[in-house]
Amino acid sequence: MIDDEFFMGKALAEAEKSLEKKEVPVGAVVVSRNKILGRGHNEPILRNDPTAHAEITAIRKACLKKKNYRLPDCELFVTLEPCAMCLSALVHVRVKRLVFGAYDPKAGAVESVMEFPFEKTNHRIVIKGGVLADECGKILKDFFLKKRRSKK
């Protein structure tokens, strides 16, 4: 049995890395059989790459490790509800399960802003939201509060 809170804690550690780089603090880990295969944190500004979201980076690393472009035996843990781009990537890579922390009222594609059209895809993901939601939300709220204060 996988420990959702344990692996969300690992994703939070990745989010801290984004924070250190002054990026939006989101972190992700790809897990298979209780082992982390890929880690990622937001770096779109640093990399000048709009696809450098935590989920995409973690997926890329896991695929390289498995030497496969599909991850059907894997689960992805991410601190923030995925956007449409990241959720689409999770469908394409065929992860079996998505676990996320905080809901994203601005860009969440699981249920906050839109509901992903899984009924039209050939792969469905088991989804669990709200794991360590307070902790995952706090790092984001603190980041944006500090950012707003620095602009005054």
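C63 is buried in this model, at a relative accessible area of 13%; buried stands for under 20% relative accessible area, exposed for over 50%, and partly exposed for values in between, computed with a 1.4 Å probe on protein chains only. The model is predicted: local features need pLDDT of at least 70, side-chain atom pairs count only at pLDDT 80 or more, and totals for chains, interfaces and linings use all residues. Residues are numbered from 1 along each chain as its sequence is written, and side-chain values use heavy atoms, with hydrogens and water left out.

**Cysteines**

- The structure has zero disulfides, a disulfide being a pair of cysteine sulfur atoms within 2.5 Å.
- C63 belongs to no disulfide, and the nearest cysteine sulfur, in C74, is 8.0 Å away.
- C136 has C86 as the partner with the closest cysteine sulfur, but at 15 Å that sulfur is too far for a bond.
- C136 is buried as well, with a relative accessible area of 0%.
- C63 sits in helix α3; helices (H or I, at least four residues) and strands (E, at least two) are DSSP runs numbered from the N terminus.
- Apart from neighbours within four places in sequence, C63 is in contact with N68, Y69, L71 and V93, where contact means heavy atoms within 4.5 Å.
- The C-alpha atoms of C63 and V93 are 8.7 Å apart, although 30 residues separate the two along the chain.

**Overall fold**

- Five helices and five strands make up the secondary structure of the chain.
- Their order along the sequence is α-β-β-α-α-β-α-β-β-α.
- The radius of gyration is 15 Å, close to the 15 Å that the globule rule gives for 152 residues, so the chain is as compact as a globular protein of that length. This radius is taken over C-alpha atoms, and the rule is 2.2 Å times the number of residues to the power 0.38.
- The C-alpha trace spans about 50 × 30 × 30 Å along its principal axes.
- Of the 152 residues in the chain, 49% are buried.
- Of the contacts between residues at least 6 apart in sequence, 58% join residues at least 24 apart.

**Annotated region**

- An unreviewed UniProt entry carries the annotation "domain: CMP/dCMP-type deaminase" for residues 2-111. UniProt positions are given in the numbering used here, feature names are shortened, and annotations may be inferred rather than shown by experiment.
- Over residues 2-111, the chain is 40% helix and 23% strand, with its end C-alpha atoms 24 Å apart.

**Nonpolar core**

- The largest nonpolar core holds 46 residues, and M8, V30, I59, L71, F77, L90 and L98 have the most contacts inside it.
- At least two residues of this core come from each of α1 (4-20), β1, β2, α3, β3, α4, β4 (97-102) and α5 (133-150).
- A nonpolar core is a set of buried Ala, Val, Leu, Ile, Met, Phe, Trp, Tyr and Cys residues joined through side-chain atoms within 4.5 Å.
- L90 touches I59, L76, P82, V95, L98 and I125, residues up to four places away in sequence not being counted.

- Helix α3 (residues 54-66) has 13 residues and reaches 18 Å from its first C-alpha to its last, close to the 18 Å expected at 1.5 Å a residue. The expected span is 1.5 Å times one less than the number of residues in the helix.
- The buried residues of α3 are A54, E55, I56, T57, A58, I59, A62 and C63.
- These buried residues of α3 pack against β1 (27-32), β2 (35-41), α2 (44-47), β3 (75-80) and α4 (84-93).
- In α4, C86, L87, A89, L90, V91 and V93 are buried.
- Elements covering the buried residues of α4 include α3, β3 and β4.

- T79 is a residue of strand β3 and counts as buried, at 0% relative accessibility.
- Leaving out neighbours within four places in sequence, T79 is in contact with M8, A11, L12, A15, P25, V26, G27, G101, A102 and C136.
- K141 is a residue of helix α5 and is exposed, with a relative accessible area of 62%.
- Between the C-alpha atoms of K141 and P25 there are 9.7 Å, with the two residues 116 apart along the chain.
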